[in-house]
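Here are my notes on the model. Please read them with the structure open.

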Amino acid sequence: MRSNGAFEEQVSALERAVTALRGLDVSRATEEELAELLERLESAARMMAGIISRVAYRLRQLRDPA
């Protein structure tokens with residue numbers, strides 16, 4: 001159950017972005033393009049790890065309010 005339309009919109013945007021990445025064709029990319037892509041993906045993965053940590057922390061707070 002979602003209580004916030006903006007939240008739902010952001011989650012949907014995240015899901016669309018991940019779906020688009022899954023279809024990324026790297027077979028014709030140059031070495032330079034792949035190196036840049038790898039840097040960008042690693043950076044995004046670090047940001048996602050931070051978001052995942054925040055969500056897990058908040059969920060723990062809600063489950064154990066003591």
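1. A word on terms comes before the points. Buried means under 20% relative accessible area, exposed means over 50%, and partly exposed is in between (1.4 Å probe, protein chains only). The model is predicted: local features need pLDDT of at least 70, side-chain atom pairs count only at pLDDT 80 or more, and totals for chains, interfaces and linings use all residues. Residues are numbered from 1 along each chain as its sequence is written, and side-chain values use heavy atoms, with hydrogens and water left out.

2. Start with the fold. The protein chain has two helices and zero strands. Its radius of gyration (over C-alpha atoms) is 16 Å, well over the 11 Å that the globule rule (2.2 Å times the number of residues to the power 0.38) gives for 66 residues, so the chain is more spread out than a compact globule. The C-alpha trace spans about 55 × 25 × 15 Å along its principal axes. Helices (H or I, at least four residues) and strands (E, at least two) are DSSP runs, numbered from the N terminus.

3. Next, the surface. The protein chain exposes about 6,300 Å² (Shrake-Rupley method, 1.4 Å probe). Carbon and sulfur atoms supply 57% of that area.

4. Helix H1 covers residues 5-22, 18 residues in total. From first C-alpha to last it reaches 26 Å, close to the 26 Å expected at 1.5 Å a residue. That expected span is 1.5 Å times one less than the number of residues. At the start of H1, a side-chain oxygen of Asn-4 comes to within 2.9 Å of the backbone nitrogen of Ala-6.

5. Between the helices, look at Arg-28. Arg-28 sits in the loop between H1 and H2. Arg-28 counts as exposed because its relative accessibility is 77%. Arg-28 and Glu-8 are 20 residues apart in sequence and 35 Å apart in space, C-alpha to C-alpha.

6. Helix H2 spans residues 31-63 and contains Ile-52. Glu-31 is also placed in H2. Is Glu-31 buried or exposed? Glu-31 counts as exposed, at 71% relative accessibility. Ile-52 and Val-18 are 34 residues apart in sequence and 15 Å apart in space, C-alpha to C-alpha.

7. Last, charge. The mean positions of the 10 positive charges (Lys and Arg) and 11 negative charges (Asp and Glu) are 11 Å apart. His and the chain ends are not counted. Each charge is placed at NZ of Lys, CZ of Arg, CG of Asp or CD of Glu.

Technical notes
A polar contact is a pair of N or O atoms within 3.5 Å; within protein, one must be able to donate a hydrogen and the other to accept it, and residues adjacent in sequence count only if both atoms are side-chain atoms.
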